[in-house]
Amino acid sequence: MATLIREKKYRFEIPPGKKKERLDLYLSNAIENATRSKVQKMIEAGLVKVNGRLVKSSYLVQPEDIIEASHPITPRPEKAEPEEIPLNIVYEDEYLLIVNKPAGMVAHPAYSNYTGTLVNALLHHSSKLSDVNEPGRPGIVHRIDKNTSGLLVVAKDDWTHAQLAKQFSKHTIEREYQAVVWGIFKQKKGEINYNIARSKSDRKKFAVSETEGKNALTYYEVLEEFEFTSLLKLNLKTGRTHQIRVHLSAINHPIFGDETYGGTKIVYGSSLPKIKSRVDNLMKLIPRQALHAKTLGFEHPHTKEFMRLDSELPIDMKDVLEKLKFSS
């Protein structure tokens, strides 16, 4: 029996006075839930035309251009299915487990990421996962971004899940991150305290706000300095979406490699070809934000023991730090 493949079509007319912008960047902002990499794949597959012609991702959108795009819509599975995907489990008992999530893995099925997620891997690993979330998110107590690596706690039953969730809501969970960020800090230790709200210019992003959103507090400490970057230790008092990334970008120290919040541009240092070449080479080592959820501490809901688990930095961050140390 043939499978019906549906397409979603888009048409954009660029208004007069529009500032020139790369086609892939324009479409990633214009199409809901699209990412730049997925838009680039659409363009490479010939699914995007400008004024009736196929163009490259680097094409600069001009006023009065007409952009037409389409892409196949993959039917959403009724529920998440088990998949045999390797997991780096650093602790497990009958009530919960701690997994060290690699960068690139989505926590749970969502728009355009219905397979290959942490949930799919967990369903294959364990027959017991909590079921208090909405469908498709069994066991997931908290999340970290797709391109952030590090430790996550997963609940195997509803009571354990609820007790862990209480600790997160009361901000008693210990969460320590490490990040490579742009620039050198005048104050080697401090806090960033800004409300975080949905961005008004791009609904897929977040931004600091004086009047809207929710309070967010991040503590930072400089661990090491290099020529144009620093290695930070970061502790979360609150747990807002993209909190660390937004806060660091707001103080002009975006995370190295963070395409969404300004971390792929040269923020500090010279723009001379020598610096640009070095930055480009570093970006190739870590094509993502250099952020790792290194330490996770919490009270075990059953034993009442305070557990603190630590993880090593992933290879890509280690490689970047090694290069930075060598050239500083």
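Visitor: What makes a residue count as buried here, and what share of the protein does so?

Guide: In this predicted model, a residue is called buried when its relative accessible area is under 20%. Of the 328 residues of the protein, 44% count as buried.

Visitor: How do you know whether the radius of gyration agrees with that of a compact globule?

Guide: For 328 residues, a compact globule would have a radius of gyration near 20 Å. The protein has 21 Å, and therefore the value agrees with that expectation.

Visitor: Which residues of α7 are called buried, and which are exposed?

Guide: D316, M317, V320, L321 and L324 are the buried residues of α7. Because these buried residues fall within an arc of 135° when seen down the axis of α7, they line one face of the helix. I315, E322 and F326, on the other side of α7, are exposed, a term that requires over 50% relative accessible area.

Visitor: What covers the buried residues of α7?

Guide: The cover includes the strands β10 (174-182), β15 (229-236) and β16 (291-299), together with helix α6 (273-285).

Visitor: How do you know what span to expect of helix α7?

Guide: Helix α7 has 13 residues, 315-327, and at 1.5 Å a residue should span 18 Å. Its end C-alpha atoms lie 19 Å apart, which agrees.

Visitor: What is the predictor's confidence in the protein, and where does pLDDT stay under 50?

Guide: The average pLDDT of the protein is 89, and 93% of the residues score at least 70. Over residues 1-5, pLDDT stays under 50, and the model has 1 contact beyond four places in sequence for them.

Definitions and conventions. Residues numbered from 1 in each chain as written. Predicted model: local features only at pLDDT ≥ 70, side-chain atom pairs only at ≥ 80, totals over all residues. Heavy atoms only, no water. Helix = DSSP H or I, 4+ residues; strand = E, 2+ residues; numbered from the N terminus. Expected span 1.5 Å × (residues − 1). Buried < 20%, exposed > 50% of the residue type's maximum accessible area, 1.4 Å probe, protein only. Arc of directions from axis to C-beta. Contact = heavy atoms within 4.5 Å. pLDDT = per-residue confidence, 0-100. Rg over C-alpha atoms; globule rule 2.2 N^0.38 Å.
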